[in-house]
Amino acid sequence: MTLTIGVLGLQGAFHEHVSILSRIPGVTSVRVIRSVNDLNDGAIDALVIPGGESTSMMIIAERNGLVEPLREFVKCKPVWGTCAGLILLSKVVQAQKTGGQGHFPILDIAVSRNRYGSQIDSFQATVKTIFGESEGVFIRAPGILKVLEEDNVQVIGRIDQGEDEEEVVAVRQGWVLGMTFHPELTNDTRWHEYFVEMVKEFVEQVRSRPKP
């Protein structure tokens, strides 16, 4: 099976995702996506939308004619949004900048931008995941305020927030994965491996469908 994963390279921490995905077994190639042609050449099986600055990403995407192609892509193929990428995939975005927040609303969650404060309030925390504990790096991170459709959204990561309280920081809805932190800034590759396995499952299903 050939597997080509795109990483949106408009702004933010995309180089780190490219580096890690290139080392995951089963990934044939990783491509940086900056244009409509990059996205729509037919070879991209899945897309990573990295952390960065969500408003800047949307401005550049608009300039490059990518907004509508991205909206269509996230509806039909696997997508993983980290930090700012999660904001862009969420149906409800609070604490927006003046003028609103353009996005690709697909995840049934409500998020708040810069939930934990500014750059100086960035932190690391242990994330309780479906595959054990993992370290999460939270840089001007958004927060998941609410899961809007519990039947549709699977919670796959939480962090402790005070005594006997936990906060959701990672979710999956169908073929869409989202998290508030930066897994690409640690040495733990299990999130990338999880995404690749998810993409493999999707591709196998698509390729096994009877052709009309």
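Glu197 pairs up with Lys200 in a salt bridge, with their closest N and O atoms 3.3 Å apart; the term covers a side-chain nitrogen of Lys or Arg within 4 Å of a carboxyl oxygen of Asp or Glu. The two sit three residues apart in helix H6 (residues 190–208), so about one helical turn separates them. Helices here are DSSP runs (H or I, at least four residues), numbered from the N terminus. Glu197 is partly exposed at 46% relative accessible area (buried is under 20%, exposed over 50%, partly exposed in between, with a 1.4 Å probe and protein chains only).

Keep in mind that this is a predicted model: local features need pLDDT of at least 70, side-chain atom pairs count only at pLDDT 80 or more, and totals for chains, interfaces and linings use all residues. Residues are numbered from 1 along each chain as its sequence is written, and side-chain values use heavy atoms, leaving out hydrogens and water.

Now hop over to helix H4 (residues 67–76), where Arg71 and Glu68 are three residues apart. Their side chains meet in a salt bridge at 2.7 Å, N to O. Arg71 is partly exposed at 25% relative accessibility, and Glu68 is partly exposed at 47%. Helix H4 also holds Glu72 and Lys75, again about one turn apart, and their side chains form a salt bridge at 3.3 Å, N to O. Here Glu72 is partly exposed at 44%, while Lys75 counts as exposed at 57%.

Elsewhere, Lys128, Arg158, Asp160 and Glu166 join up in a network of salt bridges.
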